[in-house]
Amino acid sequence: MINDLEIKKNRTVQASWLAIANLLSLSAGMFISAILSRFMTVTEYGTYRQVFYVYSTLLIIFSMGIPKAYSYFLPRVPVEEGRDVVRKLSLLFLTFSSIFSIILFSGARTIAELLNNPLLTNNLKYFAITPMLLMPVMGVENILTVYGMSRFVVIYIMISRIAMIACTVLPVVALNTGTSGALIGFVVSSLVSCLVGLKLSSVPFRNVLSKKTDLTVKNIFRFSTPALVSSVYGFIISSSSQFFVSRYFGVEDFAMFANGYRELPFAGMVIGATAGVLQPEFSRMSKNGADNVQFVTLWKNVIYKSSSVIYPISVFCCLFAPEIVCLLYGSYYRETANLFRIVTIINLTRIVPYGPILFALGKGWKFANTHLATALLLVGLDLLCVNLFPSLSAIAIIAASTTLFCIIILISTIAHLLKTPLTELMPWRKMSSILFVSVTTCSAARMIIYLTGMTHNLAVVSTGFTLYLSFYLFISFRSGINYIKIFDSLLSGTNINRLMKSKLKNN
């Protein structure tokens, strides 16, 4: 049996592995976007992004909320039953992915007409088999995380992203194949990801005598239904702005919006890592009858650690947005810097995933209903925008504002469920201190760059970040923000994975 200190260290170690995996994934995505933006015409690149927009939004519906089920059910059953749980969930994924692929292929023309881009028709057909390759392995990261094997997630991401870069970028750069070549290459890389993912998903169950589980498909859908409903509303929220931009502004403006209005990748890295760890942890705590104080303690600790990483990076990206955008996508996309600044503001509140704790407490419907209200508000405001004051910036402000509305409601809901005042639910003083130091030191770095007259994008970003980091670390330490203490468990986290796995087997 491992003690509470070791469990705490394990959470940080697991989150760190997931953060590394997310960093690799996001870096690969940014690299691909940066290269394709330069080697494709705006129309070609916009079409490429539209294909992934269609895929990512429909994926929310066809995944049926099942990805969360891995992190919810696996911690609640003995490891001997884990393989059977994974088998049942994988079969459901295979079924839904087949339907998804058929709809993508047969409905390609209709989708192209809806998005006002005839180039989408053939490209969606080339891409149509992708759901059948990727959806059956959507749970591999959750499976490995539940059993304390997040280090294998890094291996999975590394192999799949190297294959993605090679197969997607090289045809465009070397052969000038355009959108179709990039998408066909992505399909090939998806096959590699599928084979590697299927192999790794069985790793936790090696040398384990498998047993049948009592978990039924009915139980799975009872859990996943609110997740599905919230995902449908999330589909509306995530796709509404891009749909209206594509429909009413055109494919070139869609390319601009897609590159500009993107939440800070590093924030997604941290949030994705914490979500991967918190979902099974909250599930275990709920099953074991943990009281509200334990939930709040873990919650505040995670928020503090997340904000200590997200706030400084968000502030830097906001103040240096024009240079960052040009460095990533080229000078043609410089005007999207304001969109990037608008979406970056969201990261000041989206510092922790709110779904895991609500689903663990059995309040998934509250999560769903909040997203319903947000979706209705967003669609209504977007309709007013395109008819009365059409503007990409206005669309971005509406999207950011409604997301903030959703987050505020979720925080209030969690405070009510845990019977904790909002003043005590969040570490407000620590968060404010991090934000103040970030703004002050980054403004100083920006001013120095301005006074030197430096204009080269790479020089501005690299020098500015170096100055900012130097100022920030010095001032933050003087202000009592001790990063060594915040991440101390990273320094002593060896062998914790094996201890956690042993604990799971004993249970």
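Trainee: Leaving aside neighbours within four places in sequence, which residues is Asp-84 in contact with?
Mentor: This is a predicted model, in which local features need pLDDT of at least 70 and side-chain atom pairs count only at pLDDT 80 or more, while totals for chains, interfaces and linings use all residues. Numbering runs from 1 along each chain as its sequence is written, and side-chain values use heavy atoms, without hydrogens and water. Contact means heavy atoms within 4.5 Å. With neighbours within four places in sequence set aside, the residues in contact with Asp-84 are Lys-211, Lys-212 and Thr-213.

Trainee: Is Asp-84 buried or exposed?
Mentor: Asp-84 sits in helix H4, residues 79-106; helices are DSSP runs of H or I with at least four residues, strands are runs of E with at least two, and both are numbered from the N terminus. A residue is buried under 20% relative accessible area, exposed over 50% and partly exposed in between, with a 1.4 Å probe and protein chains only. Because its relative accessibility is 9%, Asp-84 counts as buried.

Trainee: With which side chain does the side chain of Asp-84 make a polar contact?
Mentor: A polar contact is a pair of N or O atoms within 3.5 Å; within protein, one must be able to donate a hydrogen and the other to accept it, and residues adjacent in sequence count only if both atoms are side-chain atoms. At 2.8 Å, the partner of the Asp-84 side chain is the side chain of Arg-87.

Trainee: How far does H19 reach from its first C-alpha to its last?
Mentor: The expected span of a helix is 1.5 Å times one less than its number of residues. H19 has 26 residues, and the expected value is 38 Å. The reach from its first C-alpha to its last is close to that, at 38 Å.

Trainee: Where is Asn-176, which has a positive phi although it is not a glycine?
Mentor: The phi of Asn-176 is about 55°. Because its relative accessibility is 59%, Asn-176 counts as exposed. Its place is the loop between helix H9 (151-175) and helix H10 (178-200).

Trainee: How far apart are the C-alpha atoms of Phe-295 and Ile-357?
Mentor: Phe-295 lies in helix H14, residues 292-319, and is buried, with a relative accessible area of 2%. Ile-357 is 62 residues away from Phe-295 along the chain.

Trainee: How far apart in space are Val-232 and Phe-62?
Mentor: Val-232 belongs to helix H11, residues 217-249, and is partly exposed at 26% relative accessible area. Leaving aside neighbours within four places in sequence, Val-232 is in contact with Ile-60 and Ile-61. Val-232 and Phe-62 are 170 residues apart in sequence, and their C-alpha to C-alpha distance is 9.4 Å.

Trainee: How far away from Cys-318 is the nearest cysteine sulfur?
Mentor: A disulfide is a pair of cysteine sulfur atoms within 2.5 Å, and a search of the whole structure finds zero of them. Cys-318 is in no disulfide, and the nearest cysteine sulfur is that of Cys-442, at 8.7 Å.

Trainee: What part of the 507 residues in the chain is buried?
Mentor: The chain has 24 helices and zero strands. Among contacts between residues at least 6 apart in sequence, 83% join residues at least 24 apart. Of the 507 residues, the buried part is 55%.
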